Amino acid sequence: QVQLVESGGGLVQPGGSLRLSCVASGNLFSAYTMGWYRQAPGKQRELVATIDSGGSADYEDFVRGRFTISRDNAENTAYLEMNSLKLEDTAVYYCNARRNFGVAYLDYWGQGTQVTVSS
């Protein structure tokens, strides 16, 4: 069982920056692919970025070049550095931990942290 706790959300002006953190409990953090998702009001949850156990990161086009995902396995923590924030980045951001077992996988989710971009 893995518990994820996000922090770092808040209110920021367009063009500003925020850094989200996701602390995971339990063992084997380094074995999980960590991801950040977001859900805006009235929209479905969408993938933002992932980083695998080897440290390879992948981004959706709408954040590429602005957001950076990283992880610190010694601290059981994943991060999402968000720069050049836009109004449309407003959403609840969720941390995800995925353990792959071949064709199957196990997902864990955090409770979410609100990011509001507004002038």
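Which backbone oxygen does the side chain of Asn96 reach at 3.3 Å? I looked this up before anything else. The side chain of Asn96 reaches the backbone oxygen of Tyr108.

**Entry 1: ground rules**

I am working on a predicted model, where local features need pLDDT of at least 70, side-chain atom pairs count only at pLDDT 80 or more, and totals for chains, interfaces and linings use all residues. Residues are numbered from 1 along each chain as its sequence is written, and side-chain values use heavy atoms, with hydrogens and water left out.

**Entry 2: Asn96**

I placed Asn96 in strand E9, residues 91-101. Strands here are DSSP runs (E, at least two residues; helices are H or I, at least four), numbered from the N terminus. Asn96 is buried, at a relative accessible area of 3%. My cut-offs are under 20% for buried, over 50% for exposed and partly exposed in between, with a 1.4 Å probe and protein chains only.

I then checked its polar partners. The side chain of Asn96 makes a polar contact with the side chain of Asp107 at 3.5 Å. A polar contact is a pair of N or O atoms within 3.5 Å; within protein, one must be able to donate a hydrogen and the other to accept it, and residues adjacent in sequence count only if both atoms are side-chain atoms.

I also listed neighbours, leaving out residues up to four places away in sequence. Asn96 touches Leu4, Thr33, Met34, Gly35, Tyr37, Asp107, Tyr108 and Trp109. Contact means heavy atoms within 4.5 Å.

**Entry 3: strand E4 and its partners**

Gly35 stands opposite Asn96 in E9. Seven bridges join E4 to E9, and the two run antiparallel. Two strands pair if DSSP finds at least two bridges between them.

I followed E4 to E5 next. E4 (residues 33-39) and E5 (residues 46-51) pair in the antiparallel sense over five bridges. Arg38 has Glu46 in E5 as its bridge partner, and Tyr37 stands opposite Leu47 in E5. The two strands form a hairpin with six residues between them, and Gly42 in the turn has a positive phi of about 80 degrees.

How many residues of E4 are buried? I found five of its seven, and E4 is mostly covered.

E5 continues to E6 (residues 57-59) through three bridges, again in the antiparallel sense. Ala49 has Tyr59 in E6 as its bridge partner. The hairpin of E5 and E6 has five residues between the strands, and Gly55 there takes a positive phi near 95 degrees.

**Entry 4: the core**

I looked up the largest nonpolar core. It has 29 residues, and those with the most contacts inside it are Leu4, Met34, Trp36, Leu80, Met82 and Tyr93. Such a core is a set of buried Ala, Val, Leu, Ile, Met, Phe, Trp, Tyr and Cys residues joined through side-chain atoms within 4.5 Å.

Met34 touches residues including Leu4, Cys22, Phe29, Ala49, Ile51, Ile69, Cys95 and Asn96.

**Entry 5: aromatic pairs**

I counted two aromatic pairs. Rings of Phe, Tyr and Trp (its six-membered ring) pair if their centres lie within 6.5 Å; planes under 30 degrees apart count as stacked, over 60 as edge-to-face and the rest as tilted.

Tyr32 and Tyr108 are edge-to-face, 6.2 Å centre to centre with 65 degrees between the planes. Tyr32 sits in the loop between E3 and E4, Tyr108 in strand E10 (residues 104-109), and they are 76 residues apart. Tyr32 is buried at 7% relative accessibility, and Tyr108 is buried at 12%.

Tyr37 and Trp109 are edge-to-face too, at 4.9 Å centre to centre and 65 degrees between the planes. Tyr37 lies in E4 and Trp109 in E10, so this pair ties together parts that are 72 residues apart in sequence. Tyr37 is buried at 16%, whereas Trp109 is partly exposed at 35%.

**Entry 6: charges over rings**

Arg19 lies over the face of Tyr79, 4.0 Å from the ring centre. Arg98 lies over the face of Tyr105, 3.7 Å from the ring centre. The rule wants NZ of Lys or CZ of Arg within 6 Å of the ring centre and within 35 degrees of the ring normal.

**Entry 7: Phe62**

Is Phe62 buried or partly exposed? Phe62 is partly exposed, at 31% relative accessibility. I found Phe62 in the loop between E6 and E7. Phe62 touches Arg38, Glu46 and Leu47, not counting residues up to four places away in sequence.
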